[in-house]
Each structure stands twice: as structure tokens, then as C-alpha cells.
Amino acid sequence: MHRAIQSDRPPSRRDFFKEILAGIISGILGLVPLGAGLVVLLDPLRRRASESGAVRVASLEAVPADGIPRKFPVLATRVDAWNKYNHVPIGAVYLRRTADGKLLALNVVCPHAGCFVDFLPDSGHFHCPCHNSTFAVTGKIDDPHSPAARGMDTLEAEVRNGKDIWVKFQNFQAGRAEKVPVA
Ligand code: FES
């Protein structure tokens with residue numbers, strides 16, 4: 001028969017500090033998943049912040065100053081709880097430069113119901129294949145019978161360092177007469 005061996009030794013100072021240390025370590029270990037959970041919870045906010053900032057879309061020389069729109073993908077950096085992804089596609093824009101130095105950026109998404117708008121070089125107009133909205137080269141509604149309630153969405157764009165075009169990319173709610181940013 002085995003008998004449990006019990007120590008009659010009174011708790012020492014060393015035991016006391018060991019217990020304190022164990023408590024601190026388990027507290028820290030408990031905070032790690034809490035922190036990771038908060039990061040995941042806040043992730044949409046972080047993503048939105050990176051999507052709403054200006055991103056470099058093209059070089060200036062990639063858009064000749066002939067008034068013809070050119071289409072470019074918009075690539076941005078995405079960050080989640082554990083990873084950072086570079087060059088993730090978040091949309092596309094038409095960029096247009098005119099001979100008098102004007103720069104125009106238009107979201108390619110149709111403001112009627114969200115299809116992608118084509119530019120037709122032969123007619124010099126934008127056309128949406130879904131419900132036949134047409135837009136002038138400036139993005140304004142071209143045909144009064146177009147179902148779109150507003151023109152194509154313009155975006156803030158600027159030339160930096162004399163050679164790069166940066167666009168503040170944003171999507172807007174479809175089907176409304178006014179531009180309302182998608183949250
Ligand atoms: S989605 Fe473009 S016209 Fe309807």
C-alpha cells in the first residue's frame with residue numbers, strides 16, 4: 001500500500017514568488033488570443049483605411065495627352081491579423097489626359113447597377129453593356145434615356161513627382177442620383 005508523501009516543510013519565500021510568476025505568465029498567455037481577436041475584429045476598419053487612401057495607378061507617360069481614356073487596375077495593400085498582401089486588385093479606373101493638361105479619373109463601375117463600363121473608341125463614348133447606359137468621354141450622362149441616375153463617378157487624382165498618377169480610389173452606391181460612398 002502506497003501512502004502519499006506529504007511535505008511538512010512550510011511554504012518558503014521562493015514558493016511564493018514562483019506562484020506569483022506563474023500567475024503573471026498565465027495572464028500574459030491569456031491576453032495573446034484576446035489581442036489577436038481584437039485585431040481580427042478591427043480588420044475591416046484597417047482594410048477600409050488602406051482602400052480609401054490614394055494609390056499609385058499608372059505612370060504619366062502611360063496616359064498620352066490625346067483625350068482618350070485608358071483603363072488601369074487599382075492595386076492596393078491589404079493587411080489582416082497575420083499577413084500583409086501587396087498589389088491586391090480593388091477596382092479599376094479610366095484615366096484621361098487632355099492637351100490642356102487636365103487629368104480625369106473615372107471609376108469603371110456603372111452607377112446604375114454596378115456593371116463594368118466599356119469605352120468605345122469608334123464612337124468616343126462610354127457604354128454599359130448591361131442596360132445600355134451611355135456616357136460622354138467626360139463621364140457625364142450622354143443619353144437622357146440611359147437608366148443610370150448619374151454620370152460615371154469621378155475620383156480625385158493627381159500627378160506626383162511629375163511622373164506618377166495617384167488616385168484616391170472609392171466605390172459609390174449604385175442606383176442613386178447622388179454620389180454616396182460605399183462604407
Ligand atoms: S448596370 Fe450599367 S446600365 Fe445598368
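Colleague: Which residue in E8 does Ala-105 stand opposite?

Modeller: Ala-105 stands opposite Leu-155 in E8. Please bear in mind that this is a predicted model.

Colleague: How do strands E4 and E8 run, and how many bridges join them?

Modeller: Strand E4, residues 103–107, and strand E8, residues 154–160, run antiparallel and are joined by 2 bridges.

Colleague: Let me step back, then. How many helices and strands does the protein have?

Modeller: There is 1 helix, and there are 9 strands. Read from the N terminus, the order of elements is α-β-β-β-β-β-β-β-β-β.

Colleague: What share of the residues is buried?

Modeller: Of the 183 residues in the protein, 26% are buried.

Colleague: What does Val-57 touch?

Modeller: Setting aside residues up to four places away in sequence, Val-57 touches Phe-72, Pro-73, Val-74, Val-93, Leu-95, Ile-165 and Val-167.

Colleague: Which other residues does Val-93 touch?

Modeller: Beyond residues up to four places away in sequence, the list for Val-93 includes Arg-70, Lys-71, Phe-72, Val-74, Leu-106 and Val-108. Leu-155, Val-167 and Phe-169 are also among the residues that Val-93 touches.

Colleague: What is Asn-86 in contact with?

Modeller: Leaving out neighbours within four places in sequence, Asn-86 is in contact with Ala-76 and Thr-77. The side chains of Asn-86 and Thr-77 are joined by a polar contact of 3.3 Å. The C-alpha atoms of Asn-86 and Leu-75 are separated by 7.9 Å, with the two residues 11 apart along the chain.

Colleague: Back to E8, please. How do E8 and E9 pair?

Modeller: E8 and E9 pair in the antiparallel sense, over 5 bridges. Their hairpin has 3 residues between the strands, and Asn-161 takes a positive phi near 55° there. The bridge partner of Arg-160 is Asp-164 in E9.

Colleague: Over which ring does the charged end of Arg-160 sit?

Modeller: The charged end of Arg-160 sits over the ring of Trp-166, 4.1 Å from the ring's centre. In another charge-over-ring arrangement, Lys-179 lies over the face of Phe-172 at 4.7 Å from the ring centre.

Colleague: And Asp-164: why does this residue count as buried?

Modeller: Asp-164 counts as buried because its relative accessibility is 11%, and a residue is buried when that value is under 20%.

Colleague: Which side chain makes a polar contact with that of Asp-164?

Modeller: The partner is Arg-56, whose side chain is joined to that of Asp-164 by a polar contact of 2.9 Å. Apart from neighbours within four places in sequence, Asp-164 is in contact with Arg-56, Ala-58, Ser-59, Leu-60, Glu-158 and Val-159.

Colleague: One more topic: what is the strand order in the open sheet of 3 strands?

Modeller: The order is E5-E6-E7, with antiparallel pairing. Strand E5 (118–120) and strand E7 (134–135) are the edge strands, each pairing on one side only. Strand E6, residues 125–127, pairs with E7 over 2 bridges, and His-127 stands opposite Thr-134 in E7.

Colleague: Finally, how many aromatic pairs does a search of the whole structure find?

Modeller: The search finds 2 aromatic pairs. Ring pairs link Tyr-94, Phe-119 and Phe-126 into a cluster.

Technical notes. Residues are numbered from 1 along each chain as its sequence is written. This is a predicted model: local features need pLDDT of at least 70, side-chain atom pairs count only at pLDDT 80 or more; totals for chains, interfaces and linings use all residues. Side-chain values use heavy atoms; hydrogens and water are left out. Contact means heavy atoms within 4.5 Å. Two strands pair if DSSP finds at least two bridges between them. Helices (H or I, at least four residues) and strands (E, at least two) are DSSP runs, numbered from the N terminus. A polar contact is a pair of N or O atoms within 3.5 Å; within protein, one must be able to donate a hydrogen and the other to accept it, and residues adjacent in sequence count only if both atoms are side-chain atoms. Rings of Phe, Tyr and Trp (its six-membered ring) pair if their centres lie within 6.5 Å; planes under 30 degrees apart count as stacked, over 60 as edge-to-face and the rest as tilted. A charge sits over a ring if NZ of Lys or CZ of Arg is within 6 Å of the ring centre and within 35 degrees of the ring normal. Buried means under 20% relative accessible area, exposed over 50%, partly exposed in between (1.4 Å probe, protein chains only).
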